[in-house]
Amino acid sequence: MGDIKLPKHMFLWSMSVIYMFAFASLYVQIPGLYGNDGILPARRMLRYTGKPLLEQLQDSPTLLWLGPQLGLDTQQGMELICLLGTLMAFGAMVWEPLRDALIFLFLWVLYLSLYQVGQVFLYFQWDSLLLETGFLTVLVAPFNLFKWKSTVSKRHDGITFWLIRWLFFRLMFASGVVKLTSRCPAWWGLTALTYHYETQCIPTPVSWFAHQLPVWFQKLSVVGTYAIEIAVPFMFFAPIRSMRIVSFYLQAFLQVLIILTGNYNFFNLLTIVLSLSLLDDEHVYFFLGHRKQNKSQSWTQTLIKWGTALAELASYCLIVYWTAVYFELEINWEKKSISSKTAFTYHEFNQWLKTVTIPSIWIGVLSLTWEIITAMFKCASVRGFFWKLWATIQWAIFATAAACMFAVSLVPYTYIENNSNSKIWPGVRTMYDSVDRFQLVNSYGLFRRMTGVGGRPEVVVEGSYDKETWTEIEFMYKPGNVSAAPQVVAPHQPRLDWQMWFAALGPHAQSPWFTGLVQRLLQGKKDVIDLVQVDESQYPFKSHPPTFIRAHLYKYWFTKVNEDGSVPQKWWRRQFSEEFYPTVFLGDPSLVSLLNHFGLKDKGQPKRNADTFLPVTLRAVREYARPLPAPLILWSLFFTGAAICLLKVLFSGSRSSSSSKNKEKEAVAAVEKNDQAMKKEEKEKTKRTENSADSDKYAKKRK
């Protein structure tokens, strides 16, 4: 692999954008989710027992312990953290010196502080992935905050950037493996995508059209997913550069398809950011149109080039061949389709997984060792004793940090195979246990089981004033009204709508927060209503909260294309399934019992904060942002930052062009001046020659 200055620069810029999306998206939802009148008030997670601050931080590492010292309650502390994170991430997006290790460390600490009190609404895999990636970003980013000119690269950049590639491998490989180890019939039968588009949490309009594709194509898409998630990740560590670049495009292609067909907030964007670790400067320049001139090669270089090309072609052929064999791919020319089915058993796959898990670790060891040795030779080539010593010290520190992070990550990585997990050295397990609460390394496995095979379960909340006439309470983003089109909300994550999807998969007792939601709707709490509908005109009980609330469970399906090929007016069809939550009212003994059982009973209103500068400012910002839809806020921030970056590029380009023109003028003037000086010198030389000739003639005459 060549230099990684540009991929590293792209990675740090992209991480700034991801952080900005994450903080801004959560900020909009804090009052309704975690406020004093929210569904799960965050103040319950922080119990001030009079312990010293260090002991409190050891129990729960969050900056929210400092809230009382600033005159803030827990809700306002979370809002302040989100605003600081959004502003710092936006600053890092538009100004390169802020893409610094200290800035990214602070962003990581801020998000970890929110995660510690986020409860079920922040316990998603992408939140853990952001924390792990964010910590690795601290190692990748340079220390240039206090320097006027940023440091472009260090000799150890290859080591730290390799950790991003290892994380990307763990994420993709585990996501492919768990689909088969879960024994889910839909994944084993290759029919998962025939249900996925309509049963995912928040579909997009494209999901409806993808759902209409023929079954054979859906099954072939599952086979392609297995190949990209299980086989292709091993190409991340291939010694052939072009194989790593091909694997980048395959992974990016999969993520783009997921973005088009589902609202998965910043997760797929973050996955694409991880894939940047597979690129180098030469390919980025090639992508931008700056092609390198081909140099003449010796016969040995030509032979090596053809040998690597043949090895690469053989690797692709093997992947295609084994995919065709193990999934029995056959082309039906008459029906113009490709049939497929799983041709191996669960036991055979488990045996293969046992065989490949430990070797995959050794592949990682060899790849990391290569990066460490390469960086060591780069340090040895530094000129000057002091600078060589300083580069070697940095190399030793970051090589040790990378080795430790790699070792600790083996514990969650081997969760995919129990036999391999039991072979992990006890010392590594101890290290993992000591850092587990900081979310430095995590296990992953997306879409483990396909839900909603018999229809998408959906909770529909209804309210009434008289217990006879019931009105549905529609949410902004999740399916409800069968005539309403699915929305595109990414990179925003409406966390209440997501949890409503999980709640529908089981009884309401498995989702204690739902009782808190019912209580707040009966009380008519504005902060919670904003999570349901920002536009008050769309909320049916805006004038007065409902007296009674109940919830029913429905099964939803996408509608099908009409026989004449036209698109139907309705996007969904639904059927009543069962009661999800009984009819309750404020003061209802059953509601009070559930609130007490789940620890959600209000225990008096917290003290109002003093009207000091910070609380007043936070309340003013909240009132300004309250009526704005979350996706509008996120995209406004992004396009503003992108416009600033574009203007900086254009300005720097015009300035460089003007400076180059000035240099050209100076060069022309210098050439002209030089020509004049040469002419003057020639004239003086000619004159001296003539004078010397005259003096010779005069001397001869006198003689």
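**Reading side-chain contacts**

Modeller: Bear in mind that this is a predicted model. Starting with cysteines, the structure holds zero disulfides.

Colleague: What is a disulfide, in general?

Modeller: It's a covalent bond between the sulfur atoms of two cysteines.

Colleague: And are C201 and C645 buried or exposed?

Modeller: C201 has 5% relative accessibility, so it counts as buried. C645 is buried too, at 16%, because the cut-off for buried is under 20%.

Colleague: How many aromatic pairs does a search of the whole structure find?

Modeller: The search turns up 59. Take F173 and W352: their ring centres are 6.5 Å apart and the planes meet at 55°, so this pair is tilted. Tilted covers what is left between stacked, under 30 degrees, and edge-to-face, over 60.

Colleague: Which parts does that pair tie together?

Modeller: F173 belongs to helix α6 (residues 157–181) and W352 to helix α15 (residues 346–380), so the pair links parts 179 residues apart in sequence. F173 is buried at 0% relative accessibility, while W352, at 35%, is partly exposed.

Colleague: What about W208 and F209?

Modeller: Those two make an edge-to-face pair, with 4.9 Å from centre to centre and 80° between the planes. W208 is buried at 2% relative accessibility, whereas F209 is partly exposed at 44%.

Colleague: Where does the charged end of R183 sit?

Modeller: Over the ring of Y346, 3.8 Å from its centre. Likewise, R622 lies over the face of Y27, at 4.0 Å from the ring centre.

Terms used. Residues numbered from 1 in each chain as written. Predicted model: local features only at pLDDT ≥ 70, side-chain atom pairs only at ≥ 80, totals over all residues. Heavy atoms only, no water. Disulfide = S-S within 2.5 Å. Buried < 20%, exposed > 50% of the residue type's maximum accessible area, 1.4 Å probe, protein only. Phe/Tyr/Trp six-rings, centres within 6.5 Å; stacked < 30°, edge-to-face > 60°. Helix = DSSP H or I, 4+ residues; strand = E, 2+ residues; numbered from the N terminus. Lys NZ or Arg CZ within 6 Å of the ring centre and 35° of its normal.
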